[in-house]
Amino acid sequence: AKFQQFSVEKLETKKESGGGLYGSTWTPLMVAAWEKRLNALEAEIAKSKNIDQKDEDGNTALLLASSRGFSEGVEKLLRAGANFKGANKRTWTSLMMAAREGHDETISVLLRFGASPKSLDKQKNSPLHHAVLKGKSQAALLLIKGGADKDAMNAEGKTPLSIAVTEKLSEVATTLMNAGANYRQADAEGNDVMFLAARNGDAILVGQFLRSGRSTEMVNKRG
């Protein structure tokens with residue numbers, strides 16, 4: 001299955017849909033987080049009885065602020081006790097939301113407050129998997145420096161590097177390689193990244209693998 005497409009785009013649609021400016025279950029705190037209004041956010045935090053209240057999609061103010069790259073708001077919410085381990089109905093955490101959108105400062109704030117770069121969604125995708133799929137090289141690097149597993153496999157047997165190569169995201173693949181991702185590791189189908197790059201006709205990555213000492217013998221599921 002493909003990664004589920006959700007982030008700012010879906011919330012923009014919700015925001016502009018009929019029946020009210022936002023989702024019917026959005027609180028003033030959520031609106032302030034989404035609109036990146038710091039003063040309003042602080043006021044709502046002060047009177048909030050449940051800072052982790054969820055909307056119909058399972059999103060909290062922290063999840064919304066993270067998806068928007070509202071780093072100041074994220075820090076305020078965290079200092080007020082917002083749960084960075086919380087996830088929405090797609091089982092995506094705040095760190096995953098920030099990673100998908102490439103919000104580097106927000107990622108740094110979440111990591112500093114203890115958010116785990118090894119957390120997994122229901123498809124066993126880590127924040128690093130999410131950042132890679134969306135082509136966010138700097139976000140990927142921040143997560144690796146924060147302790148993300150460079151070679152973790154998701155439920156489909158895909159590593160961040162194999163995703164980058166398959167999706168022809170050369171810049172992200174290079175970032176992962178330079179950070180020490182294992183280019184010899186095969187995916188669940190037995191295809192190594194050299195085979196995937198060659199199949200895609202990606203001469204740049206093939207050349208990089210060779211310069212890294214990769215054997216010219218490619219491995220795929222047929223051996």
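Guide: Rings of Phe, Tyr and Trp, for Trp its six-membered ring, count as a pair if their centres lie within 6.5 Å. By this rule there is one aromatic pair in this predicted model.

Now look at charges over rings. The charged end of Arg-68 sits over the ring of Trp-34, 4.3 Å from the ring's centre. Arg-90 has its charged end over the ring of Trp-92, 5.9 Å from the centre.

Next, the helices. Two packed helices are described by the angle between their axes and the distance between the axes. Take helix 4, residues 61-68, and helix 6, residues 94-101. They pack at an angle of about 20 degrees, with axes 7 Å apart. Angles under 35 degrees count as roughly parallel, so helix 4 is roughly parallel to helix 6. Their crossing is right-handed. Helix 4 brings Leu-62, Leu-63, Ser-66 and Ser-67. Helix 6 meets them with Ser-94, Met-97, Ala-98 and Glu-101. By class, this contact of helix 4 with helix 6 has four nonpolar, three polar and one charged residues.

Move on to helix 7, residues 104-112, and helix 9, residues 137-145. Their angle is about 15 degrees, and their axes lie 10 Å apart. That makes helix 7 roughly parallel to helix 9. Helix 7 passes helix 9 in a right-handed crossing. From helix 7, the contact uses Asp-104, Ile-107, Ser-108 and Leu-111. From helix 9 come Gln-138, Ala-139, Leu-142 and Leu-143. The contact of helix 7 with helix 9 has five nonpolar, two polar and one charged residues.

Note on methods. Residues numbered from 1 in each chain as written. Predicted model: local features only at pLDDT ≥ 70, side-chain atom pairs only at ≥ 80, totals over all residues. Heavy atoms only, no water. Axes fitted to C-alpha atoms, helices over the stretch in contact; angles between N-to-C directions. Helix = DSSP H or I, 4+ residues; strand = E, 2+ residues; numbered from the N terminus. Parallel < 35°, antiparallel > 145°, perpendicular 65-115°, else oblique. Left-handed = near helix turned anticlockwise from the far one by under 90°. Contact = heavy atoms within 4.5 Å. Nonpolar A, V, L, I, M, F, W, Y, C, P; charged D, E, K, R; others polar. Phe/Tyr/Trp six-rings, centres within 6.5 Å; stacked < 30°, edge-to-face > 60°. Lys NZ or Arg CZ within 6 Å of the ring centre and 35° of its normal.
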